[in-house]
Amino acid sequence: MAVVVGAGGVLGAAHVGIGYALEQRGFVPDMIVGTSVGALNGAIAAAHPETAAPWLDHVWTQLHRREVYPLGHRLFARASVFTDRGLRRLIARAGLPSRIEQLSVPFTAVAMDLVTGSPVLLDHDLESALLASAAIPGMLPPVDRGGRVLVDGGVIAYVPVLAALQAGAASVVVLSTGPESSPLRPTTPRRRAGAIAARAGTLLLHHQIERDLYEVSQHIPAVVLPTGIETWPAPWDFRQARRLISTASRTAGHFLDGLRVSGPGLYRVDGPSVTSAGPGEPSTSSMIRG
């Protein structure tokens, strides 16, 4: 079973809450595939598959915007608004190995080739893979690696379930965050440039996520863990990490305890494929322990 950790920037704090729910139920994945902030969280989970949530909890609840997004110097002015110094420090503090192959659980980071627009599955050097996967275009500098110019994998694979299927996953557990990952409510945005752009961006990502989930669920079980979060913070607001973590932990845990998986399909709160375990039937909580 593969864990797929999606993008979302500051909303990645919710991944930590879901991580608590999984760890408390003895879940250890066969592989982890992550993109953007999901690659950072996923790499730490791959290094410490049974104890990552408490460490990530401490990191996320102590973070400030300036630590993650320090303003760029003139050297970076033409490539990005911020430097990647903050991300480099976070990666260094995580105590990760230098190479992906040294992680305890097989791990893949997803980036996008800025020239061709194709997804790139990264291996070997871990630091450059994480920097590339999280290089938000225009915000953080692109990464030159293997003759390619790489940026944030969330542009092409906001929830990289197709990469997990390509890697041979027999089933996927999806950690996805943000309003674009939830059922969209019909709404007319305010007639302001920012509101219109935000709504269009949400729709774009939502349709990408739904398309990829549908494709994968035709072949293998795809379990999408809910966060229970209805009000999301602004992309630069790290102050709400504690709320995101606790809400997602409680909601995902309740969902796991009442779920059973029986063949390919899309298993989530709002989907018709979700079934609760009946008497004598195995729940997901028992299945994930092996």
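**Salt bridges and the exposure of their partners**

With a relative accessibility of 43%, arginine 242 counts as partly exposed, where buried means under 20% relative accessible area, exposed means over 50%, and partly exposed lies in between (1.4 Å probe, protein chains only). The model is predicted, so that local features need pLDDT of at least 70 and side-chain atom pairs count only at pLDDT 80 or more, whereas totals for chains, interfaces and linings use all residues. Residues are numbered from 1 along each chain as its sequence is written, and side-chain values use heavy atoms, with hydrogens and water left out.

Nine salt bridges are present in the structure, each defined as a side-chain nitrogen of Lys or Arg within 4 Å of a carboxyl oxygen of Asp or Glu. In one of them, the side chain of arginine 242 meets that of aspartate 57 at 2.7 Å, N to O. Because arginine 242 belongs to helix α9 (residues 241-257) and aspartate 57 to helix α3 (residues 52-62), this pair ties together parts that are 185 residues apart in sequence; helices (H or I, at least four residues) and strands (E, at least two) are DSSP runs, numbered from the N terminus. Aspartate 57 is buried, at 8% relative accessibility.

Glutamate 210 and arginine 268 form a further salt bridge, in which the closest N and O atoms are 2.9 Å apart. Arginine 268 lies in the loop between β9 (265-267) and α10 (284-287), while glutamate 210 lies in helix α8 (residues 193-217), and the pair therefore ties together parts that are 58 residues apart in sequence. Arginine 268 is buried at 13% relative accessibility, whereas glutamate 210, at 23%, is partly exposed.
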